Amino acid sequence: MTESLPTVSIVVPTYNAEATIGPLLESLIRLDYPSYEVIIANDGSRDRTREIVERYPVQLRNGPNRGASAARDMGLRAAKGDIVAYVDSDVTVTPDWLRRIVAPFSDPTVGATTGRTVFLRNEKATSWMRSLDIERRNAARRTYTRLANGPNSAFRRSLLLEVGGFDPSWYHAEDTEVSYRVWQRGYRIQYVPEAVVHHIPEDDWRRFYRKRYRDAKAFTRMLRKYSRSAIVEDDFVSLGMKVQPPMFLALIATALVTVVLFLTPYAFASLLVLATLLVLAIVVNLPEAFAMVRASGRISYFFRSLGLSLLRGIAWGTGLAAGGLRQITRA
């Protein structure tokens, strides 16, 4: 009996990916699936990305540098498959990934699916923190989740077009925003842990900081437009990610107030509040530091984890402040 599977368009939003696009394409052309196309949505790359892509039997769509959301949407508009699957240019897929991630679409109530992204690790503590964090958050996910993660997801093409596709004005968290629109349309998003992609190690602490800053900044936009989904319903946003940004924002604000009140009668009280918030920030991140030590077997990672946690908290706090001010000025 002939196997009945939907046709699939795999879209890869790409920007300056010369270091990672080759291994991804090698894994994509070896997928165990009968009918699929691969579309590289090149977002104005200025390196050798285009030259590398042209060596492979895939479609290349070129556009100006407008960001990941615009690239995702450009790929959607070029897609011909019943299902549009997305992977990022810094992952590799497992051979059965496509079969796994499209299987739930046999249920007509499923509008999108998302798989398990495994962040690889190296000798740097940042890669361990990022990997373990994603691992914990995936472990807590329900079968029907609120988020189809950008690096590993699939959508009914007709539904994605119906909800308007990806909004190019979303500078970050465009996958979250479109996922909320899928739910609002009455469809479900199914988590498929067997659909695995491997992400390169995120080991650069500067990039780690910038991404957490953008996460918090984008969250303020979510609060304005999708407050219930962002605060209550999203099962991929951990409790710590909801609690720590405002806590660190209070810590940053208190530090600024302490500087202003220096050499005044109120300086001691302000310093006491600052010290209390700092101790609290350290305490809430202790479990993560211990988990890093257990997983890695390296005691030094305990202190590195705490340092990265404080850095992450500052990024969250400043991102929350910047995003909040932006939303207020737009109101």
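**View 1. The buried residues of helix α5 in the predicted model.** The buried residues of α5 are A125, T126, S127, W128, M129, R130, S131, L132, D133, I134, R137 and N138; buried denotes a relative accessible area under 20%, exposed over 50%, and partly exposed the range in between, with a 1.4 Å probe and protein chains only. The helix is thus named as a DSSP run, where helices are H or I runs of at least four residues, strands are E runs of at least two, and numbering starts from the N terminus. This is a predicted model, in which local features need pLDDT of at least 70 and side-chain atom pairs count only at pLDDT 80 or more, while totals for chains, interfaces and linings use all residues. Residues are numbered from 1 along each chain as its sequence is written, and side-chain values use heavy atoms, with hydrogens and water left out. Helix α5 is mostly covered, with 12 of its 15 residues buried. Among the elements that cover these buried residues are β6 (110-119), β9 (188-199), α8 (205-225), α10 (239-260), α12 (286-296) and α13 (300-330), contact being defined as heavy atoms within 4.5 Å. The 15 residues of α5 (residues 125-139) should span 21 Å at 1.5 Å a residue, and the end C-alpha atoms are 21 Å apart, which agrees; the expected span is 1.5 Å times one less than the number of residues.

View 2. The volume of the second largest pocket is about 360 Å³. On a 1 Å grid over the protein atoms alone, a pocket is an open set of points where a 1.4 Å probe fits, with protein on both sides within 12 Å along at least five of seven lines, and lining residues have an atom within 4 Å of a point. Grid points are joined across faces, edges and corners, and the volume is the space filled by probe spheres set on the points. Of the 22 lining residues, D133, R136, S238, G240 and E288 lie nearest the centre of the pocket. At least two lining residues come from each of α5, α8, α10, α12 and α13, and α5 gives the most, with five. The lining comprises nine nonpolar, four polar and nine charged residues; Ala, Val, Leu, Ile, Met, Phe, Trp, Tyr, Cys and Pro count as nonpolar, Asp, Glu, Lys and Arg as charged, and the others, Gly among them, as polar.

**View 3. Helix α8 and T220.** T220 is located in helix α8 and is buried, with a relative accessible area of 7%. Residues up to four places away in sequence aside, T220 touches L320, G323, G324 and Q327. Other buried residues of α8 include F208, K211, R212 and A216. The cover of the buried residues of α8 includes α5, α7 (174-184), α9 (227-233) and α13.

**View 4. Strand β4 and its pairing partners.** Five of the five residues of β4 (residues 83-87) are buried, so the strand is largely enclosed by the rest of the structure. I83, A85 and V87 lie on one side, and V84 and Y86 on the other. Strands β1 and β4 run parallel and are joined by four bridges, with S9 opposite V84; pairing requires at least two DSSP bridges between two strands. Strand β8 (residues 152-156) pairs with β4 in the antiparallel sense over five bridges, with Y86 opposite S153.
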